[in-house]
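Student: I would like to learn to read a protein model feature by feature. Can we start with how the elements are labelled?

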Amino acid sequence: MARISSVEVGKSLQVGAGEAKAFGKGDGLIRGTAYIEGPLQVGDDQAYDSVTATVMIGTEQNTDTKEHPKESLHVKGDVKIEGDTDQE
């Protein structure tokens with residue numbers, strides 16, 4: 001696996017075989033977009049033993065930071081969650 005210390009993406013980051021049609025194509029591609037086919041894990045690399053979701057978020061364990069936040073997810077702005085199963 002190649003190691004790169006820093007990467008700047010000027011237009012769009014595409015990870016995997018998919019192609020997010022919502023972002024457009026060619027000259028119409030929206031700058032600053034990122035598509036990750038998934039699964040995606042963020043945070044503590046030992047938080048999950050197997051793939052349990054498309055996005056898995058663990059606590060932040062970066063040794064470069066002196067303080068670690070309590071929350072694994074913080075959202076500013078409105079949130080909409082649209083499930084695809086009956087949730088009673």
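Tutor: Helices (H or I, at least four residues) and strands (E, at least two) are DSSP runs, numbered from the N terminus. Thr33, for instance, lies in strand E2. Two ground rules before we go on. This is a predicted model, where local features need pLDDT of at least 70, side-chain atom pairs count only at pLDDT 80 or more, and totals for chains, interfaces and linings use all residues. Residues are numbered from 1 along each chain as its sequence is written, and side-chain values use heavy atoms, with hydrogens and water left out.

Student: Which residues is Thr33 in contact with, beyond its sequence neighbours?

Tutor: Contact means heavy atoms within 4.5 Å. Leave aside neighbours within four places in sequence. Thr33 is then in contact with Lys11, Ser12, Leu13 and Phe23.

Student: Where is Leu13 found?

Tutor: Leu13 is found in strand E1. Its relative accessibility is 35%, so Leu13 counts as partly exposed. With neighbours within four places again set aside, Leu13 is in contact with Thr33, Ala34 and Tyr35. Now take a C-alpha distance. Leu13 and Ile36 are 23 residues apart along the chain, and their C-alpha atoms are separated by 8.0 Å.

Student: What does Gly18 touch?

Tutor: Gly18 sits in the loop between strand E1 (12-15) and E2. Not counting residues up to four places away in sequence, Gly18 touches Tyr35 and Glu37.

Student: What kind of peptide bond joins Gly38 and Pro39?

Tutor: Most peptide bonds are trans. Here a cis peptide bond joins Gly38 and Pro39, with omega about 5°. Pro39 is in the loop between strand E2 (33-36) and E3.

Student: How many salt bridges does a search of the whole structure find?

Tutor: Side chains of opposite charge can pair when their charged atoms come close. A salt bridge is a side-chain nitrogen of Lys or Arg within 4 Å of a carboxyl oxygen of Asp or Glu. The search finds 2. Glu19 and Lys25 form one, at 3.5 Å from N to O. Both Glu19 and Lys25 are exposed. Lys80 and Glu82 also meet in a salt bridge, at 3.7 Å from N to O. Lys80 has a relative accessible area of 72%, so Lys80 is exposed. Glu82 is at 66%, so Glu82 counts as exposed too.

Student: Which side chain of opposite charge is nearest to Asp44?

Tutor: For charge, Lys and Arg count as positive and Asp and Glu as negative; His and the chain ends are not counted. The nearest opposite charge to Asp44 is Arg3, 16 Å away. Asp44 is buried yet has no salt bridge. Asp44 is in the loop between strand E3 (40-42) and strand E4 (55-57).

Student: What does the side chain of Asp44 reach?

Tutor: Think polar contact: a pair of N or O atoms within 3.5 Å. Within protein, one must be able to donate a hydrogen and the other to accept it, and residues adjacent in sequence count only if both atoms are side-chain atoms. The Asp44 side chain reaches the backbone nitrogen of Gln46 at 2.9 Å. Beyond four places in sequence, Asp44 is in contact with Gly58, Thr59 and Gln61.

Student: Where is Tyr48, and which backbone oxygen does its side chain reach?

Tutor: Tyr48 is in the loop between E3 and E4. Its side chain reaches the backbone oxygen of Ile57 at 3.1 Å. Tyr48 has a relative accessible area of 27%, so Tyr48 is partly exposed. Not counting residues up to four places away in sequence, Tyr48 touches Gln41, Met56, Ile57 and Gly58.

Student: Which residues form the nonpolar patch on the surface?

Tutor: Patches are made of residues with over 30% relative accessible area and no salt bridge: like charges are joined within 9 Å, nonpolar side chains (Val, Leu, Ile, Met, Phe, Trp, Tyr) within 5 Å. Accessible areas come from the Shrake-Rupley method with a 1.4 Å probe; for residues, only the protein chains shown count as cover. The patch is formed by Val42, Val55, Ile57, Leu73, Val75, Val79 and Ile81, with about 660 Å² of accessible area together. Val42 is in strand E3. Its relative accessible area is 39%, so Val42 is partly exposed.

How values were computed: Buried < 20%, exposed > 50% of the residue type's maximum accessible area, 1.4 Å probe, protein only.
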